[in-house]
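Here are my notes for someone opening this one up for the first time. Have a look at the structure, then take the points in order.

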Amino acid sequence: MFSATDHQHMSRALQLAERGLYTTSPNPRVGCVIVNNGVVVGEGWHERAGEAHAEVNALSQAREAARGATAYVTLEPCGHQGRTPPCSAALISAGVARVIAAMQDPNPRVSGGGLAQLQAHGIEIAVGLMEAQARDLNPGFISRMERHRPWVRAKIAASLDGRTALENGASQWITGDAARRDGQRWRARASAILTGVGTVLKDDPRLTVRDLDIERQPLRVVVDSRLRTPPSARILQGGGVLIVCADDSAPRASTLRALGGEVLALPDAGGKIDLSRLLKELARREVNELHVEGGAKLNGALLQHHLVDEVLLYLAPSLLGSGAQGMFEIPALSALDQRHDLDIQEMRAIGKDMRIRAKLAQAR
């Protein structure tokens, strides 16, 4: 159905889409290539929410050469008026003859509608070219549209024997400079960063993106059922902090709010935080990718509730021993069929450390 040339142009469109990795949230990352008689006449990508979409940027470069051309786009062109006019109308007006989309838009406001409009105006359409790569570029947007929650990525730095800190809590630094710089890039692509109050009390992190030229900072979210976050915590600096608790009537709530933090109560039946409700709330706030940098307790709670989609694991070539702290605090398993299986997506050396990216087997 698709030729080698089609694959070449869609591959380029995916490369263009990746340029918006840190800037398009809450929108998806999308790229577009317009080809006429074998010649690329226009290229574009969506740079940030509220600005022109990839197709419009490519059409503005192609101009009259778009007439009779083929447009390769990594996501179905939108067919509705949102922050910007519909891309389907722009393609129709430009006289494009054929549109190849990597995947259908999971947004129910768009899904299939943009393609139907193109087809109704005599434009040939085809869908599914390099769809797996297109989905991998936008796991958070797809998850928010299809499951009404963000894509949850748990980032962990550990020794080769799976230990994240010494028994006394010391953990800085298990991995090297290159791994920590790489971790900043994964922070930057996320819409929000989640941690637990234990990490706030132990490490006093800011959880901001550093050493990268980005236009926004992810929302920082602290799971703190009893509101133990101290007013002096560095995570409160600079705003953009959501503290989630089980009861927001405590005096500490007013103090934290006065310091610029938002306090939100999401209790479950046991007086702890309802993590599923938290993810739904973050999706309501248009959070696509949720980057978790917590301890074994938070990691374990998310895992037990089947809320972890992906593990980003940095393994250092060192051993800390059986007394050191682990990655996931979960009850002991009595049978191997109770284990949480992973599908390894990627393994690569980052400096002296190894980075493993793996999806939970149940994650879509």
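1. Start with Ile 344: it is exposed, with a relative accessible area of 53%. Keep in mind that this is a predicted model. Ile 344 sits in strand 13, residues 342-350. Together with Met 347 and Met 354, Ile 344 makes a nonpolar surface patch of about 290 Å².

2. Strand 13 also holds a charged residue worth a look. The side chains of Glu 346 and Arg 357 meet in a salt bridge, 3.4 Å from N to O. That pair links distant parts of the chain, with Arg 357 in strand 14 (residues 353-360) and Glu 346 in strand 13, eleven residues apart. Arg 357 counts as buried at 11% relative accessibility, while Glu 346 counts as partly exposed at 23%. Both belong to one network of salt bridges that share partners, whose members include Arg 29, Asp 136, Arg 355 and Lys 359.

3. How many salt bridges does a search of the whole structure find? The count is 30. One of the pairs is Arg 48 with Glu 215, where the closest N and O atoms are 2.6 Å apart. Arg 48 lies in the loop between strand 2 and helix 2 (54-62), and Glu 215 in the loop between helix 8 (197-203) and strand 8, so the pair ties together parts that are 167 residues apart in sequence. Arg 48 is partly exposed, at 23%, and Glu 215 is exposed, at 57%.

4. Arg 180 is partly exposed at 25%, and Asp 177 is partly exposed at 49%.

5. Now helix 10, residues 275-284. Its buried residues are Leu 275, Leu 278, Leu 279, Glu 281, Leu 282 and Ala 283. Asp 274 caps the N-terminal end, with a side-chain oxygen 3.2 Å from the backbone nitrogen of Ser 276. After the helix comes Glu 286, whose phi is positive, near 65°.

6. Two buried spots in strands deserve a click. Ser 159, in strand 6 (residues 151-159), is buried at 0% relative accessibility, and its side chain makes a 2.4 Å polar contact with that of Asp 161. Gly 44, in strand 2 (residues 39-45), is buried at 3%. The C-alpha atoms of Gly 44 and Ala 54 are separated by 4.8 Å, though the two are ten residues apart along the chain.

Definitions and conventions. Residues are numbered from 1 along each chain as its sequence is written. This is a predicted model: local features need pLDDT of at least 70, side-chain atom pairs count only at pLDDT 80 or more; totals for chains, interfaces and linings use all residues. Side-chain values use heavy atoms; hydrogens and water are left out. Patches are made of residues with over 30% relative accessible area and no salt bridge: like charges are joined within 9 Å, nonpolar side chains (Val, Leu, Ile, Met, Phe, Trp, Tyr) within 5 Å. Accessible areas come from the Shrake-Rupley method with a 1.4 Å probe; for residues, only the protein chains shown count as cover. A salt bridge is a side-chain nitrogen of Lys or Arg within 4 Å of a carboxyl oxygen of Asp or Glu. Helices (H or I, at least four residues) and strands (E, at least two) are DSSP runs, numbered from the N terminus. Buried means under 20% relative accessible area, exposed over 50%, partly exposed in between (1.4 Å probe, protein chains only). A polar contact is a pair of N or O atoms within 3.5 Å; within protein, one must be able to donate a hydrogen and the other to accept it, and residues adjacent in sequence count only if both atoms are side-chain atoms.
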